[in-house]
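Please read them beside the sequence and the coordinates.

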Amino acid sequence: MGLAASANAIRDELRSRGQRWTPQRRLVLEVLDETKGHVTGSEIVELCRERDPDTTPSTVYRTLDVLEELGYVRHSHSATGREEFHVLSEEQHAHLQCTSCGRTLEIGMSEAATIAAPIRKRYGFEPDMGHMTIVGRCAECSARLSG
Ligand SMILES: [Zn+2]
Ligand SMILES: [Zn+2]
Ligand SMILES: [Zn+2]
């Protein structure tokens with residue numbers, strides 16, 4: 001089920017928290033619903049502005065915060081710390097980013113859990129693998145740079 005289909009539930013949840021449901025918030029929802037994969041906050045602002053030039057970045061970011069609190073979206077950070085948003089109907093994953101070519105690869109949460117396991121065991125610390133990006137060099141760049 002897409003985000004737009006959850007619009008009524010989201011509206012009710014916001015109202016029960018004393019927050020307003022506005023056309024701008026609905027627009028953010030529609031834009032998110034149509035995105036695939038990763039989308040940055042500024043990309044969402046741009047997409048909203050294409051439909052409603054009056055959209056302000058603060059409205060978009062506040063709406064993203066609220067949707068994340070309610071569990072409909074999640075953010076992660078690219079290697080530069082930039083926030084990227086995912087709609088949570090997508091499969092959860094962790095990110096690998098190559099600093100040489102800039103490509104981002106995704107790994108499934110079961111693979112990410114394998115990486116997290118020794119940290120959990122050694123430090124009792126639960127890494128939030130979907131929240132961060134592991135930076136390094138991809139296989140192709142390694143081959144190119146060593147060849
Ligand atoms: Zn991702
Ligand atoms: Zn964060
Ligand atoms: Zn690379």
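**Notes on the metal sites and the fold**

1. Along the sequence, the donor residues of the zinc ion (ligand 3) follow the spacing C-x2-C-x36-C-x2-C, where donors are N, O and S atoms within 2.8 Å of the metal (3.2 Å for Na, K and Ca), and water is not among the atoms, so sites may look incomplete. Cysteine 101 sits in the loop between strand 4 (93-98) and strand 5 (104-108), and cysteine 138 in the loop between strand 6 (133-136) and helix 6 (139-146), so this pair ties together parts that are 37 residues apart in sequence. Helices (H or I, at least four residues) and strands (E, at least two) are DSSP runs, numbered from the N terminus.

2. This is a predicted model, in which local features need pLDDT of at least 70 and side-chain atom pairs count only at pLDDT 80 or more, whereas totals for chains, interfaces and linings use all residues. Residues are numbered from 1 along each chain as its sequence is written, chains are lettered from A and ligands numbered from 1 in the order in which they are written, and side-chain values use heavy atoms, with hydrogens and water left out.

3. The zinc ion (ligand 3) is held by the SG atoms of Cys98, Cys101, Cys138 and Cys141, at 2.3 Å. Its four donor atoms subtend angles of 103 to 117°, which makes the arrangement tetrahedral (four donors count as tetrahedral if all angles lie between 85 and 135 degrees). For reference, the ideal angle for four tetrahedral donors is 109.5 degrees. Cysteine 138 counts as buried because its relative accessibility is 7%, while cysteine 101, at 39%, counts as partly exposed; buried means under 20% relative accessible area, exposed over 50%, and partly exposed in between (1.4 Å probe, protein chains only).

4. Histidine 38, in the loop between helix 2 and strand 1 (39-40), and histidine 93, in strand 4, are 55 residues apart, and the pair links distant parts of the chain. Histidine 93 is buried at 8% relative accessibility, whereas histidine 38 is partly exposed at 27%.

5. The zinc ion (ligand 2) is coordinated by the NE2 atoms of His75, His77 and His131, at 2.0 to 2.1 Å, with the spacing H-x1-H-x53-H along the chain. Histidine 75 belongs to strand 2 (residues 73-77) and histidine 131 to the loop between helix 5 (109-123) and strand 6, so the pair ties together parts that are 56 residues apart in sequence.

6. As for the fold, the chain has six helices and six strands, and 35% of its 147 residues count as buried.

Key: Four donors count as tetrahedral if all angles lie between 85 and 135 degrees; four count as square planar and six as octahedral if opposite donors are over 155 degrees apart and all others between 65 and 115; anything else is irregular.
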